[in-house]
Amino acid sequence: MAQALDLQSFILRARVLKLYRQALKIAQRAPVHVRGELKQTVREEMEKNRDCNDKQKIRYLISEGLERVKGLDEMLDMQGH
């Protein structure tokens, strides 16, 4: 059975899932020949930190992820994708 989360953990989990969905949505806009690799990279980055329980580190990783997603989004916009 799943472990009950406190409110702060629940909110962090929701933010991580939102970031993951956002990253996959933006990766879908990438050119076809790199799309699969980009989606795999997103998944690997999420899996790499799956067992992290340090809330401060999770917040840092979320902010880092948001910056990377923003950069990817801007790059794809400039390329017309």
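Helix α3 gives the most to the lining of the largest pocket, with nine residues. The structure is a predicted model.

**The overall fold**

How many helices and strands does the chain have? The count comes to three helices and zero strands. In sequence order, the pattern reads α-α-α. The C-alpha trace spans about 45 × 25 × 15 Å along its principal axes.

The chain has 81 residues, and 19% of them count as buried. Contacts also tell us about the fold. Take the contacts in the chain with a separation of 6 or more: residues 24 or more positions apart account for 68% of them.

**An annotated span**

**Helix α3**

Helix α3 runs over residues 55–79.

Which residues of α3 are buried? They are Ile-58, Ile-62, Gly-65, Val-69, Leu-72 and Leu-76. What do these buried residues pack against? Their partners are α1 and α2.

**The largest pocket**

The largest pocket has a volume of about 1200 Å³. In total, 34 residues line the largest pocket. Which of them lie nearest its centre? They are Val-16, Glu-45, Met-46, Asn-49 and Arg-50.

The lining can also be sorted by class. It has 17 nonpolar residues, six polar residues and eleven charged residues. How can empty space be found at all? Rolling a probe the size of a water molecule over the atoms shows where such space is left.

A residue counts as exposed when its relative accessible area is over 50%. The table gives the value for each one.

| Residue | Relative accessible area | State |
|---|---|---|
| Leu-7 | 62% | exposed |
| Lys-25 | 65% | exposed |
| Glu-37 | 59% | exposed |
| Gln-56 | 63% | exposed |

Where do these residues sit? Leu-7 is found in helix α1, and Lys-25 is in helix α1. Glu-37 belongs to helix α2. Gln-56 is placed in helix α3.

Leu-7 and Leu-66 are 59 residues apart in sequence and 22 Å apart in space. Lys-25 and Ile-58 are 33 residues apart in sequence, with 21 Å between them in space. Ile-58 is one of the buried residues of α3, whereas Lys-25 is exposed.

Glu-37 and Ala-27 are ten residues apart along the chain. Their C-alpha atoms are separated by 9.4 Å. For Gln-56 and Leu-38, the gap is 18 residues in sequence and 27 Å in space.

**Putting it together**

The chain is built from three helices. The buried residues of α3 pack against α1 and α2.

How values were computed
Residues numbered from 1 in each chain as written. Predicted model: local features only at pLDDT ≥ 70, side-chain atom pairs only at ≥ 80, totals over all residues. Heavy atoms only, no water. 1 Å grid on protein atoms, 1.4 Å probe; cavity = no way out; pocket = protein on both sides within 12 Å on 5 of 7 lines; lining within 4 Å. Points joined across faces, edges and corners; volume = space filled by probe spheres on them. Helix = DSSP H or I, 4+ residues; strand = E, 2+ residues; numbered from the N terminus. Nonpolar A, V, L, I, M, F, W, Y, C, P; charged D, E, K, R; others polar. Buried < 20%, exposed > 50% of the residue type's maximum accessible area, 1.4 Å probe, protein only. Contact = heavy atoms within 4.5 Å.
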